[in-house]
Amino acid sequence: MKKYLSVSAAAVAACCMVVGGSSALKAQAEEKLACKAAYLCDFESGTKVYSENEEKRLPIASMCKIMTLLLSFEAVESGELNFDEQITVSENAAGMGGSQVFLDTGLSYKAEDLMRTVAVCSANDSCVALAERVAGSESAFIERMNARAKELGAENTLFANCTGLPKEPQYSCAKDVSVMLRELLKHQKYYEFSKVWLEDFVHPDGRTTSITNTNKLIRSYVGCDGGKTGFTNEAGFCLAATAKRGDTRIVSVVIGADSSKSRNKTITELFDYAFNSYETKPFLEVGQSVGKVNVQGSKIKEVDLVAEGTLSAFCKKGEDGGINAEYHFPEKVTAPLVAGAILGEAVLYRDGVEIARTNLIAKEEAARYSWWDSLREGARNWN
């Protein structure tokens, strides 16, 4: 038998659904958002806060390297690639134009170092070297890029290369870029790269190339710790960035600004609006008790049921909304029971739509009666 408990929105400290919350920003920033498209959302839930032409297909320049990095990290995660692996640079990779770290044909570089240069200084030569290693050729890697985009639901995205250099047909949209960046941000090691401001990249022959982060907001905006810039004459100035304050992480995308100063200003305005108007409110903390479960066949008659993870809701400040939770767990279980055993789950809903869930686990163990315990229990019941 399962037990259900529904908690009202009031118990969640006035969380709310984010719908149409962008109107205030649009009204006050209509003259300021000098770009072709923009998208602002919560990292955890993907809840939209603001958008402008978010599904319009546009060139995104080097922001396509978000996908190049994502596939590289996923290759490491799957065991297909290793951070310490030495990758030999082909003539094709070394010959890339545009932003680069000046790799030498025939020399071998650590995969981690190549990924770092892509994240920090948008190195085209490193992109192609990684693509050729991961998929065998850049063309095969591009097929993976497009397949992964479809898996993520990025329907308005088509890649023609792994660098973002002009080539037709190739496009994406502000919303799709936010989806890809949110996926990349799930890889914690990415932040080691994205927060680098300035360092020397040492080549195998001892030569050094100074690399500087193209995302200047990591130094000028409090909480900004990642992102990817892009620029071509066709795409204009682009930036997809993330910032975190407290428990709230925001993702913001701007496509087609007329200068780097303008794109940074626009991203800053979007970030400011999100952090000033919204927050992430915890509903259920890790280790928080939600009740007790009866235990049969043990000296321990009941155990505390606690949350394995955190349940939280991204909400507009100061407004109520339709947030409620349900706890699903049995009224009784049979020993033996180990600490951490999954006994149920907690599900958080916004207006009937699931937004988060976590397991409910046993806080302590409950061993099965020993032979002597059973004898004593039987005697006690007989008396």
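Helix H5 (residues 124-135) has twelve residues, and from first C-alpha to last it reaches 16 Å, close to the 16 Å expected at 1.5 Å a residue. Here a helix is a DSSP run of H or I with at least four residues, a strand is a run of E with at least two, and both are numbered from the N terminus. The expected span is 1.5 Å times one less than the number of residues.

This is a predicted model, in which local features need pLDDT of at least 70 and side-chain atom pairs count only at pLDDT 80 or more, while totals for chains, interfaces and linings use all residues. Residues are numbered from 1 along each chain as its sequence is written, and side-chain values use heavy atoms, with hydrogens and water left out.

**Exercise 1.** Work out how many residues of H5 are buried, and what covers them.

*Solution.* Start with the cut-offs: buried means under 20% relative accessible area, exposed over 50%, and partly exposed in between (1.4 Å probe, protein chains only). Next, count: ten of the twelve residues in H5 are buried, among them Cys-127, Leu-130 and Val-134. Then look at the cover, which includes helix H2 (65-78), strand S5 (86-88), helix H3 (91-94), helix H4 (111-121) and helix H6 (138-151). Finally, step just past H5, where Gly-136 takes a positive phi of about 100°.

**Exercise 2.** Find the place of Arg-148 and the residue whose side chain it joins in a polar contact.

*Solution.* First, locate Arg-148 in helix H6. Its relative accessibility is 15%, so Arg-148 counts as buried. Now list its contacts (heavy atoms within 4.5 Å): leaving aside neighbours within four places in sequence, Arg-148 touches Met-67, Leu-70, Leu-71, Glu-74 and Glu-183. The side chain of Glu-74 is the one joined to that of Arg-148, by a polar contact of 2.8 Å. Such a contact is a pair of N or O atoms within 3.5 Å; within protein, one must be able to donate a hydrogen and the other to accept it, and residues adjacent in sequence count only if both atoms are side-chain atoms.
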